[in-house]
Amino acid sequence: MSSVQPCGVSDDDRRPPVNDLLEIAQRGLALKPKRLPSWLFYDERGSALFDEICEQPEYYLTRCEIALMDAHAQRIADILGSEVRLVEYGSGNARKTRMLLEHLHSPVAYVPVEISSEPLRQSVERLTKEFPRLPMQPLCADFSKPLRLPIPPRAPRRTVVYFPGSTIGNFENREAAVLLRKMRNEMGDAGGILIGVDLKKDPAVIEAAYNDRAGVTAEFTLNMLARLNREIGSNFELSAFAHRAHYNPMAGRIETHIVSRREQQVKIGRVNVAFREDEAMQVEYSCKYSLADFAALAARAGLAVQQVWTDPEQMFSLQYLVRASALTR
Ligand code: AVJ
């Protein structure tokens, strides 16, 4: 069985097959306003560009989160306890995971769940070298869909879902609550969720993080079109579109759009899609929370915040959530 091989990536059979990409793109472009899902960013090129975003001076999120891990990973590992099964949603390059794995007390398994198969394979290959005794059970799947987690090699004391990077911010409030609820089910009674949450702050600081001067974020955004061209043979002309990211203070989120620079037509499979000049298609939300906002969101999902780690300027937070009933017990 592939799920118990230390290095075999098991493919969730409910993951959308590549052919569905055409349908997903056609469906999103038929909406008014047009909208494409943000997970489409993360093909191999997109994942590499995201890693580059994390190194931009304006993108404070990664630096803050790594600093928090650096300062607190030991304490976090103590709180998680021994014989944890660590399930990571959207594992990407796993830089922060490494900092956690180093401190965990006899972990049972590491289960990275990642939609992008090549980055998943590479990160597991690297982690296997660094943690040769830790069973790795990678799962190539969309973590927002129901998951079939591989059977662990021995019984864990606790399943902890690790969800770093403030990826939760990509979900609107209602979907975020649904996703947290799903994690709550997967982790069981004794489980927990270790989650990175970006905090509300000066809008100028937030906006700069999504409009880096080197233009890496713009390239990352437009790579979504390049990816569709590569994989479904659409004919987006990249120079005829622009990246736009604005902070919406009422909604507390960055709203990223791809804007058509002129009136144009694009072929998506057999359909012609018309764009007006300046027409904006929505590709990503990155929601920002106050600590109180996030506690309320967690409560909606039947979760309670057990612990928060944050920097002195409250730029970013790491939070440990447990079932709401578990705290009062
Ligand atoms: C990986 C979803 C947390 O929203 O900050 C970075 C993705 N998009 N720059 C974010 C992203 C543009 C990132 N997350």
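Predicted model: local features only at pLDDT ≥ 70, side-chain atom pairs only at ≥ 80, totals over all residues.
Figure 1. Leaving aside residues up to four places away in sequence, L303 touches L180, R184, M187, I193 and A298, along with L321, V322, R323 and A324.

**Figure 2. The contact of helix α6 with helix α9.** Two packed helices are described by the angle between their axes and the distance between the axes. Here the axes of α6 (residues 173-187) and α9 (residues 291-300) come within 8 Å and cross at roughly 55 degrees. That angle makes α6 oblique to α9, and the crossing is right-handed. On the α6 side you will find N173, R174, A176, A177, L180 and R181, which meet F294, L297, A298 and R300 of α9. Sorted by class, this contact has six nonpolar residues, one polar residue and three charged residues.

**Figure 3. The contact of helix α1 with helix α8.** The axes of α1 (residues 20-30) and α8 (residues 216-232) are 10 Å apart, and the two helices pack at an angle of about 135 degrees. That makes α1 oblique to α8. The crossing of α1 and α8 is left-handed. From α1, the contact takes in L21, L22 and A25; from α8, R227, L228, E231 and I232. These residues divide into five nonpolar and two charged, with no polar ones.

**Figure 4. S286, a serine in strand β11.** Is S286 buried or exposed? S286 is buried, with a relative accessible area of 5%. This serine is found in β11, a strand of residues 280-287. Not counting residues up to four places away in sequence, S286 touches G169, N170, Y210, G252, R253 and I254.

Figure 5. Most residues other than glycine have a negative phi, and most peptide bonds are trans. The peptide bond from K32 to P33, however, is cis, with omega near -5 degrees. You will find P33 in the loop between α1 and α2 (44-53). S106 has a positive phi, near 30 degrees, and lies in the loop between α4 (95-101) and β3 (109-114). S106 is partly exposed, with a relative accessible area of 44%. S166 also has a positive phi, near 60 degrees, and its place is the loop between β5 (158-163) and α6. At 7% relative accessibility, S166 counts as buried.

**Figure 6. Stepping back to the whole protein.** The protein has 10 helices and 13 strands. Its C-alpha atoms fill a box of roughly 60 × 45 × 35 Å along the principal axes. A compact globule of 329 residues would have a radius of gyration near 20 Å, and the protein agrees, with 20 Å. Of the 329 residues, 53% count as buried. Among contacts between residues at least 6 apart in sequence, 71% join residues at least 24 apart.

Methods: Residues numbered from 1 in each chain as written. Heavy atoms only, no water. Axes fitted to C-alpha atoms, helices over the stretch in contact; angles between N-to-C directions. Helix = DSSP H or I, 4+ residues; strand = E, 2+ residues; numbered from the N terminus. Parallel < 35°, antiparallel > 145°, perpendicular 65-115°, else oblique. Left-handed = near helix turned anticlockwise from the far one by under 90°. Contact = heavy atoms within 4.5 Å. Nonpolar A, V, L, I, M, F, W, Y, C, P; charged D, E, K, R; others polar. Rg over C-alpha atoms; globule rule 2.2 N^0.38 Å. Buried < 20%, exposed > 50% of the residue type's maximum accessible area, 1.4 Å probe, protein only.
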